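Hi everyone, thanks for coming. I'd like to walk you through a structure today, one part after another. Please have the picture open while I talk.

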Amino acid sequence: MLDPEGRVQSWNTGAALIKGYRPEEIVGRSIAVFYTPEDREAGRPAKLLALAERDGRVEDEGWRVRKDGSRFWADVVITALRNETGQLIGFAKVTRDLTQRVQAESEQRRLEGERIRAEEALRIRDEFLSIASHDLKTPLTALQIELYAMRELNETQRDERTGRKLTRASRNADRLAQLIEMLLDVSRIATGQLTLRRETFALAPVVEQIAETMRGSAERAACEFSFQAEPGAAAIVGSWDRLRIEQVVMNLLSNAFKYGAGQPVTATVSRQHGEGVIEVRDHGPGVPPADLERIFERFERAAPGRNHGGLGLGLYVSREIMRAHSGSISGRNLPEGGACFTVRLPIGSAPA
Amino acid sequence: MSPHVVSDKVLVVDDDDDIRDSLIEFLEDHGHHAVGAANGSEALALLDPPQSPPCLIILDLMMPVMDGSQFRDEQLQRPAVADIPVVVVSAYKDVEQRAHQLGAVQWLAKPFDLTALLRLVEENCAFAG
C-alpha cells in the first residue's frame, strides 16, 4: 500500500520476494526507488500516480529496479483508494515480475530469426549450386566439342598414343560433366524439381546395357565383372525414368569398382515379391554397420578421410531417385565379405 | 506457305566464343557451312537478305544484348525466316521446358552429344558437298 504521496505504507511478502527489500528497509520511502533513473528523471512514478488518481486505476509495463540494482520487467497495477467522502487516502499497488515471459518471448524471436536465417542460407546454397553448375558447363561444352573433334581427327591419323590420351581426356571431361549434373540434381532435389520422365520398358536389358558400358571402368579397377539376369527377369517391365535408373545403376557400379578394386563385382536383375530388384555386390571392405544408413545422406560417405575423392552425393541422389519412383535403395554387408546394394522398383504402370 | 528452301548453312548463335568457334569448325569438318553470331541481334542481321537463310539455327538462351527467347520472338515475326527450325542448346537445368516454350524442334543440354547435333543438322540441311 502507498500513501497519497506515493510512499510505501505497508509491504507484503510477495513484494519483498520480487524486489528484495525487507519491510523496515522500504516503508516510508517513495515508490520512485523502484524505477530506473531514466524513468525517475522523466517523472514516470508521479505521472502514474496522477493517472491512477484521475482514472481510478492505471496499469503499466516496464523495467523496475530491485534492491540489489538488478532490473526486471514488471506489470504494475496501481489503484486509487478513497474513503466514503471520495477523498484520496492512498494507493494499492500490485507488481508482477514478467521477466520470464519477456525472456521466453525474446527466445522465441531469436529462434524465429535463426530459422529465417537458416532457410535463407539454404536458398542461397541452392541458388549457388544452380548458377555454379550452369557456369561450369559452358567451358566444359567447348572442351568436349574440341576433344570429340580431335578424336575424330585421330581416327584418320591413327596415332595410338594420342588416341589413348584423347580417350582419357574425354573420359575425364565426361566425369566432370557427371559431377556437375550431380550438383544440379542436389539443387533440383532441394527445390522439389526432381521430376521423372516415365516410359514403359523392361528392366533387365537396360541394366545389362549399362553394365556393358561400364566394362571399361571394371577393367581399369581390375574387377572381374559379371552381369546376370535371373530367370523370369525378362518379364520385369515397369513405368520408370530410364535415364534416372541408368544413373542409379552407374553410381552403384562405380562405387563397387572404387571400393572393391581388384576383386570381383557382380550385378543381377531379378523379380522378388512383385518388385524389380537390382543388386550390385562387391568384395571390398564393406560398409561399417553404423554407416549403412548414413551413407545415403547428403555429403556422407562410408570411408572417411582422403582415400577416396568425391562429395559422396551419388547415393543421396540415388535414394531420392528411388523415392520418386516409390522404390527403395539399401545397403548391407555380406557374410562372405563385401557390400551389397539393392534397388527395388515397383513393377507395372505408374501409380496415378 | 512456300516450301522452305533447304540450304546448307547452319547458324550458330552463342555468346561463348570458344563454343561458337569449335561448333562452327566441327560442322565444317563434317561438310556443312556454318556461320556464327554472338547474340540474338547479330543473328537477326544474318537472317536478312541478301544473305541466303540458314537451314538450321543452333540457339543458346542466355546471351547479352538480345537473348535466345527475344531472338525467337523476332524470328517468328519475320515471315521469310519464321519457319527455319531452331535447336535450343543451353546449360540451364530447365532447357527442355524453355525449348518447348520457344517452339524449338529440338533441344540439347550443354554439354551436349555431338552425334545428336550432327544428326539434327543432317536431317534439316543439305550437304555442301
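Predicted model: local features only at pLDDT ≥ 70, side-chain atom pairs only at ≥ 80, totals over all residues.

Now the overall picture of chain A. What percentage of its 352 residues count as buried? That would be 28%. And if we take contacts in chain A between residues at least 6 apart in sequence, 60% of them join residues at least 24 apart.

Let's zoom in on one residue, L49(A). You'll find L49(A) in helix α4, residues 44-55 of chain A. Is L49(A) buried or exposed? L49(A) has 22 C-beta neighbours inside 10 Å, and the cut-off for buried is 20 or more, so L49(A) counts as buried. Leaving aside neighbours within four places in sequence, L49(A) touches G6(A), I78(A) and F91(A). Take F91(A): it sits 42 residues from L49(A) along the chain, yet their C-alpha atoms are 8.1 Å apart.

Staying in chain A, look at a pair of helices. Helix α9, residues 242-259, packs with helix α10, residues 314-324, at an angle of about 145°, and their axes are 10 Å apart. Their crossing is left-handed. On the α9(A) side the contact uses R244(A), Q247(A), V248(A), N251(A) and N255(A), while α10(A) brings G314(A), S318(A), I321(A) and M322(A). By class, those residues are 3 nonpolar, 5 polar and 1 charged.

Next, where the chains meet. Chain A and chain B each put 15 residues into the contact. On the chain A side, the elements giving two or more residues are α5 and α6, the latter being residues 160-190. The largest share, 12 residues, comes from α5(A). The chain A side divides into 7 nonpolar, 5 polar and 3 charged residues.

So which way does α5(A) run against its partner? Helix α5 of chain A, residues 99-157, packs with helix α1 of chain B, residues 17-29, at about 25°, with axes 9 Å apart. Because angles under 35 degrees count as roughly parallel, that is what we call α5(A) and α1(B). The crossing of these two helices is left-handed. Among the residues making the contact are T138(A), I145(A) and E146(A) from α5(A), and I19(B), L23(B) and F26(B) from α1(B).

Finally, a few backbone details. Most residues other than glycine have a negative phi, and most peptide bonds are trans. A222(A) has a positive phi, near 55°, and lies in the loop between α8 and β5 of chain A. A222(A) is exposed, because 10 other C-beta atoms lie within 10 Å and the cut-off is 12 or fewer. V65(B) has a phi near 65°, in the loop between β3 and α3 of chain B. And the peptide bond from K110(B) to P111(B) is cis, with omega near -5°; P111(B) is in the loop between β5 and α5 of chain B.

That's my tour, thank you!

Conventions:
Residues numbered from 1 in each chain as written. Chains lettered and ligands numbered in written order. Axes fitted to C-alpha atoms, helices over the stretch in contact; angles between N-to-C directions. Helix = DSSP H or I, 4+ residues; strand = E, 2+ residues; numbered from the N terminus. Parallel < 35°, antiparallel > 145°, perpendicular 65-115°, else oblique. Left-handed = near helix turned anticlockwise from the far one by under 90°. Contact = placed C-beta atoms within 7 Å. Nonpolar A, V, L, I, M, F, W, Y, C, P; charged D, E, K, R; others polar.
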